[in-house]
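Student: I have the sequence and the coordinates open. Could we go through some salt bridges and a pocket?

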Amino acid sequence: MLSQSQQLTSLPRGNDSHALTYVLITPARNEAAFLEQTIQAVVNQTQLPMKWVIVSDGSTDGTDEIVKRYAAKHDWIEFVRMPERTERHFAGKAGAIDAGRAKVRGLDYDIIGNLDADITVERDYFQFLLNKFAENPRLGVAGTPFREGKRQYDYRFTSAEHVSGACQLFRKQCYEDIGGYKPIKTGGIDTIAVITARMKGWETRSFLEKACEHHRPMGTANHQGLMPVFRTGMQDYTHGIDPVWQFFRCIYQMTRRPVLVIGTLCLAGYLWGMMSRKEIEVSAEFIQFRKIEHRRRLRSFFKSILP
């Protein structure tokens, strides 16, 4: 077994980022198809985590065996097994992250990261993000865009303050301030965490100089075809998105292929949630804060395109 210190002796060292230490938590539910790539990407980082807890959330496909094999080789990788459950939902992800966090509670670290089990990154990815935290003490959450094949997350209609849930790094104090991830079954737990961080006065940012590679297409873990788009629209309603923002967002999405379909389904999901009076899953304070942000960004967007 190689210890972290033994592995670091052969890796190039950074500068400011080495004043900061980090831990990672990866929830994994039936991720055998992608997980080994993710593990290899982290093992090859120029700056390794103090601890990486990979939490198998009731996996039945060989995920556990993959993690155990690497944990036997690297003493900074720890395997945790959660009980099996019949339903796949995002509250389970929040629970798995909590289980992983319990394993690092006694460590003196600066940054805690949530890394999905189907992500690969460049060798200096975490060193790059740690440098950003070192440069800005008010930075609470950091990450990068993600790519799926040739498609990259589009920031023309999304602020760089948004940090994708594929890989989110939190300053430890920020994570404690927001109370971690909220166990919401319908999803959006990563978005809610980032917005809550800004509500608490922290800065959040995606750094566009780099990107992570997302190997499982969004939404396919639970549903196939176009149904995830409809469900996203319905989730937007339950998470308190401003109707004006949602309208313009869906109009923009109608320009994506298949033309008209994506935006129409997303808007239909939102309206269905409204008409069926789906339960709102966030606080009134959260809704108001998000509305102010969205209206400000809309004004900025129209100023940039109007003569």
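Student: Is Glu78 buried, partly exposed or exposed, and what is its relative accessible area?

Tutor: The model is predicted: local features need pLDDT of at least 70 and side-chain atom pairs count only at pLDDT 80 or more, while totals for chains, interfaces and linings use all residues. Residues are numbered from 1 along each chain as its sequence is written, and side-chain values use heavy atoms, with hydrogens and water left out. Buried means under 20% relative accessible area, exposed over 50%, and partly exposed in between (1.4 Å probe, protein chains only). Glu78 is partly exposed, with a relative accessible area of 22%.

Student: Which side chain meets Glu78 in a salt bridge at 3.9 Å, N to O?

Tutor: A salt bridge is a side-chain nitrogen of Lys or Arg within 4 Å of a carboxyl oxygen of Asp or Glu. The partner at 3.9 Å is Lys103. Glu78 lies in strand 3 (residues 77–82) and Lys103 in helix 4 (residues 90–104), so the pair ties together parts 25 residues apart in sequence; helices (H or I, at least four residues) and strands (E, at least two) are DSSP runs numbered from the N terminus. Glu78 also belongs to a salt-bridge network with Lys51 and Lys103.

Student: How many residues apart in sequence are the parts tied together by Asp124 and Lys210?

Tutor: The side chains of Asp124 and Lys210 meet in a salt bridge of 3.0 Å, N to O. Asp124 lies in the loop between strand 5 (119–120) and helix 5 (125–135), and Lys210 in the loop between strand 10 (203–206) and strand 11 (212–214), so the parts tied together are apart in sequence by 86 residues.

Student: Are Arg249 and Asp236 buried or exposed?

Tutor: Their side chains form a salt bridge of 2.6 Å, N to O. Arg249 is in helix 9 (residues 243–253) and Asp236 in helix 8 (residues 227–238), 13 residues apart. Both Arg249 and Asp236 are buried.

Student: Which helix supplies the largest share of the lining of the second largest pocket?

Tutor: On a 1 Å grid over the protein atoms alone, a pocket is an open set of points with protein on both sides within 12 Å along at least five of seven lines, and lining residues have an atom within 4 Å of a point. Helix 7 (189–199) and helix 11 (284–305) each supply at least two lining residues. The largest share, 3 residues, comes from helix 7.
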